[in-house]
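Hi everyone, thanks for having me.

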Amino acid sequence: MAIICPTGFDAARLKRAVHDTYAAVARDPGGDFHFHRGPEYAARQLGYDLAELESLPSVSTAPFAGVGNPFLMGALPKDAAVVDIGAGAGMDCLLAGRRTGPGGSVTGIDMTDEMLDRARAGASEAGLDHVRFEKGDITHLPLETESVDVVISNGVFNLVPDKPALFAEIYRVVKPGGRLQFADITVGVELSESVRNDIDLWTG
Amino acid sequence: MIEALEAAGFRSARACHFLDSFAGTSKERVARKYQVQGANFMAFK
């Protein structure tokens with residue numbers, strides 16, 4: 001069951017709250033948040049390889065706040081064009097960049113400058129020149145039509161109220177035969193309108 | 001999520017794994033109340 005946006009929902013307020021929350025995570029990943037962050041969590045609860053994460057720059061791994069593991073569903077093809085939607089500090093992009101190799105490309109899209117600063121620093125430190133980051137609204141991707149082999153994402157789509165617009169935009173950029181492998185949350189019970197209007201629950 | 005993916009044109013959309021992503025957080029009780037889990041999804045164009 002997906003979270004369905006209620007009538008009159010303040011999407012602009014949600015977007016600001018999401019921005020502010022993840023900017024705060026970027027500034028202080030060890031701060032007081034009601035979701036897990038960091039590589040130890042990713043390995044313990046999501047199935048990432050801790051040794052591999054520890055080999056990546058901590059500037060990118062410390063703020064990681066995903067909810068799943070997009071790499072468990074299948075290996076990324078070598079030389080593939082990969083996009084990470086809502087890339088945050090870039091941990092998944094760095095992993096993707098290692099898998100595609102320098103013949104591929106990885107583009108991380110995020111709207112938060114603080115996260116983008118970390119992501120770019122992480123890619124530079126890791127020496128992954130084919131991993132780049134762009135600021136953007138994920139419902140209007142700064143990408144050519146049918147230019148992407150694999151779209152990944154981790155814990156971001158649930159933060160977008162207009163799922164039809166989001167998925168239509170992703171469909172536009174994926175090549176025929178390409179795929180989407182991503183992590184997000186599911187909700188197992190019907191939520192009341194008051195719960196669906198609670199910005200704190202969306203951003204959590 | 002699956003319905004929204006397929007409505008956009010993706011095919012063979014499915015949830016592949018479910019994860020207890022909120023265990024140990026301050027929102028664990030709320031997550032259990034609303035049966036909120038992390039999940040890995042896949043879909044093809």
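Before I go on, some housekeeping. This is a predicted model, where local features need pLDDT of at least 70 and side-chain atom pairs count only at pLDDT 80 or more, while totals for chains, interfaces and linings use all residues. Residues are numbered from 1 along each chain as its sequence is written, chains are lettered from A and ligands numbered from 1 in the order in which they are written, and side-chain values use heavy atoms, leaving out hydrogens and water.

Back to our arginine. A:Arg172 forms a salt bridge with A:Glu169, the closest N and O atoms being 2.9 Å apart. A salt bridge here is a side-chain nitrogen of Lys or Arg within 4 Å of a carboxyl oxygen of Asp or Glu. The two residues are 3 apart in helix 7 of chain A, so about one helical turn separates them. A:Glu169, at 12% relative accessibility, counts as buried.

Helix 7 of chain A also holds A:Ile170, which is buried with a relative accessible area of 0%. What does A:Ile170 touch, leaving aside its neighbours within four places in sequence? It is in contact with A:Ile85, A:Leu141, A:Val151, A:Phe157, A:Leu180 and B:Phe10. Contact means heavy atoms within 4.5 Å.

Now zoom out to chain A. It has 9 helices and 5 strands. Helices (H or I, at least four residues) and strands (E, at least two) are DSSP runs, numbered from the N terminus. Of the 204 residues in chain A, 58% are buried.

Two strands count as paired if DSSP finds at least two bridges between them. As a reminder, strands of a sheet pair through backbone hydrogen bonds, either parallel or antiparallel.

We get both senses here. Strand 4 and strand 5 of chain A are parallel, over 6 bridges, with A:Val148 opposite A:Val174 in strand 5 of chain A. Strand 5 of chain A then pairs antiparallel with strand 2 of chain B, over 9 bridges. There, A:Val187 stands opposite B:Val36. Inside chain B, 6 bridges join strand 1 to strand 2 (residues 36–44), again antiparallel.

What packs on this? Strand 4, helix 7 and strand 5 of chain A make a right-handed β-α-β unit. Right-handed means that, with the strands pointing away from the viewer, the path from the first strand over the helix to the second runs clockwise. Strand 5 of chain A is mostly covered, with 11 of its 14 residues buried. As for helix 5 of chain A, 8 of its 10 residues are buried, so it is largely enclosed by the rest of the structure.

So how do the chains meet? 32 residues of chain B are in contact with 40 residues of chain A. The area buried between them is about 3000 Å², and carbon and sulfur atoms give 65% of it. Buried area is the accessible area (1.4 Å probe) that two parts lose on being put together, summed over both. The rule finds 1 salt bridge across this interface: B:Lys45 with A:Glu146, at 3.4 Å, N to O.

One last group. Over all chains, a search of the whole structure finds 10 salt bridges. Among them, A:Asp137 and A:Lys15 meet at 3.1 Å, N to O. That pair links a loop between strand 3 and strand 4 of chain A to helix 1 (residues 11–27) of chain A, 122 residues apart. In chain B, B:Asp20, B:Glu28 and B:Arg32 are linked in a network of salt bridges.

Notes
Buried means under 20% relative accessible area, exposed over 50%, partly exposed in between (1.4 Å probe, protein chains only).
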